[in-house]
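Here are a few exercises to work through with the coordinates open in your viewer. Try each one before reading its solution.

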Amino acid sequence: MSVNEVYVFRPFKLIALLCVFLALCLDVVALLSPAWVTAEHFSLSLWESCSQSEARHPSEEEEAPWSCFSTLTSDWQIATLVLLVAGAVATLVAFLVALISLCRGTQRRHYRTVAVFLFTAVVLQACALVLYPIKFIDGTVLQTYHEFNWGYGLGWGATIFMLGGGILFCLRTDVYEDAMY
């Protein structure tokens, strides 16, 4: 490198790797979250549904007990869980390939593979996150107000970070036009 040459470092791939890591963390927390749908005396996660029975006497100060059962008996909940886990596995593979590629210096060779894994994970996650509220509202009639809680929101956050990482891995920073400078 001579005195007149300038080296431009663009950290797009490191930012993409950070996006994929954040997506993976958010995805794991979303999968383990106990709160996907909540209502008064009701809570639904990917793994179990809990409801609180009404208090026997209004004067009692202790809370009524919660009863929980597995949600893995419903086809749509199993399908949602499988889609989310498959998306998380694709994101994990993309993260490992990107990390190894960046550490070894074989950067350009595996970027398309990482991007394909991330876009596949985005499609899987989006399908699961659209399926979940549609089937929940279709199959459940709650007598009270309910809301999709932070676990569901973290799933969307992970999907957005996956999409951002995939786009950043698709950018070609090694090819520049002389007319641009």
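**Exercise 1.** Which strands does H3 lie across, and at about what angle does H3 run to E5?

Solution. Keep in mind that this is a predicted model. Start with the helix itself: H3 covers residues 111-139 and spans 42 Å from its first C-alpha to its last, close to the 42 Å expected. Next, look at what sits under it: H3 lies across E1, E2 and E5, and its angle to E5 is about 165°.

**Exercise 2.** Find the buried residues of H3 and say what they pack against.

Solution. Step one: pick residues under 20% relative accessible area. That gives a list including Tyr111, Val114, Leu118, Gln125, Tyr132 and Phe136. Step two: check their neighbours. The buried residues of H3 pack against helices H1, H2 and H4, plus strands E1, E2 and E5.

**Exercise 3.** In what order do the strands of the sheet run, and which stand at the edges?

Solution. Walk across the open sheet and you get E4-E3-E2-E1-E5, with antiparallel pairing. E4 and E5 each have a single partner strand, so one side of each has no neighbour in the sheet. From one strand to the next, the twist averages 10°. Zooming in, E2 and E3 are joined over 3 bridges, and phenylalanine 42 has serine 51 of E3 as its bridge partner.

**Exercise 4.** Which residues have the most contacts inside the largest nonpolar core?

Solution. This core has 17 residues, and the answer is Trp36, Leu46, Leu84 and Tyr132. H1, E1, E2, H2 and H3 each supply at least two of its residues. Now follow leucine 84: its contacts include Leu31, Trp36, Leu46 and Leu129.

Methods: Residues are numbered from 1 along each chain as its sequence is written. This is a predicted model: local features need pLDDT of at least 70, side-chain atom pairs count only at pLDDT 80 or more; totals for chains, interfaces and linings use all residues. Side-chain values use heavy atoms; hydrogens and water are left out. Helices (H or I, at least four residues) and strands (E, at least two) are DSSP runs, numbered from the N terminus. The expected span of a helix is 1.5 Å times one less than its number of residues. Buried means under 20% relative accessible area, exposed over 50%, partly exposed in between (1.4 Å probe, protein chains only). Contact means heavy atoms within 4.5 Å. Two strands pair if DSSP finds at least two bridges between them. Axes are lines fitted to C-alpha atoms, for helices over the stretch in contact, and angles run from 0 to 180 degrees between N-to-C directions. A nonpolar core is a set of buried Ala, Val, Leu, Ile, Met, Phe, Trp, Tyr and Cys residues joined through side-chain atoms within 4.5 Å. Lists of a residue's contacts leave out its neighbours within four places in sequence.
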